Amino acid sequence: MRVLYIFSTPNSASYILGRMILPQLENDAHPVEVAGTFFFLDNNYVLVKGNPIGERLAKLLREGKIGFLMGCDQCCYERNIADKLVEGATIGCFPNLYGKAQQLGVEQVITL
């Protein structure tokens, strides 16, 4: 099954992603294929270059274990980080997200 994770609640990216999902992906123990990730509000800070979680995500992206990394464009602009994201991460809004999800055949959206 191909899933899309949306990180929207406070600390969901740093805690749930960083401590639960990423270790499983890094150890090839995650039971589903991660088509992509989308970040809202302060969760976008994990995508900033130099952030340990963001760098781990970028590595998984390069290895093909994640299909895409996307931050909410308005959230990134408001935080002045749109041009400071890890390699491979993009910004976009819902039409961009829907297009990527459709392109990659997302079967389940999980919002955390």
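Tutor: D28, K59, E63 and K65 are linked in a network of salt bridges. A salt bridge puts a side-chain nitrogen of Lys or Arg within 4 Å of a carboxyl oxygen of Asp or Glu. This is a predicted model: local features need pLDDT of at least 70, side-chain atom pairs count only at pLDDT 80 or more, and totals for chains, interfaces and linings use all residues. Residues are numbered from 1 along each chain as its sequence is written, and side-chain values use heavy atoms, leaving out hydrogens and water.

Student: How many salt bridges are in the whole structure?

Tutor: A search finds 7.

Student: What are the closest N and O atoms of D28 and K65 apart?

Tutor: They are 3.0 Å apart. D28 lies in the loop between α1 and β2 and K65 in the loop between α2 and β3, so the pair ties together parts 37 residues apart in sequence. Helices (H or I, at least four residues) and strands (E, at least two) are DSSP runs, numbered from the N terminus.

Student: Is D28 buried or exposed?

Tutor: D28 is exposed, with a relative accessible area of 61%. K65 is partly exposed, at 25%. Buried means under 20% relative accessible area, exposed over 50%, partly exposed in between (1.4 Å probe, protein chains only).

Student: New topic. Which residues cover the faces of β3?

Tutor: L69 and G71 are on one side, M70 and C72 on the other, and all are buried.

Student: Which strand pairs with β3 over residues 33-39?

Tutor: Strand β2 does, in the parallel sense over 3 bridges. Two strands pair if DSSP finds at least two bridges between them. F38 has M70 as its bridge partner in β3.
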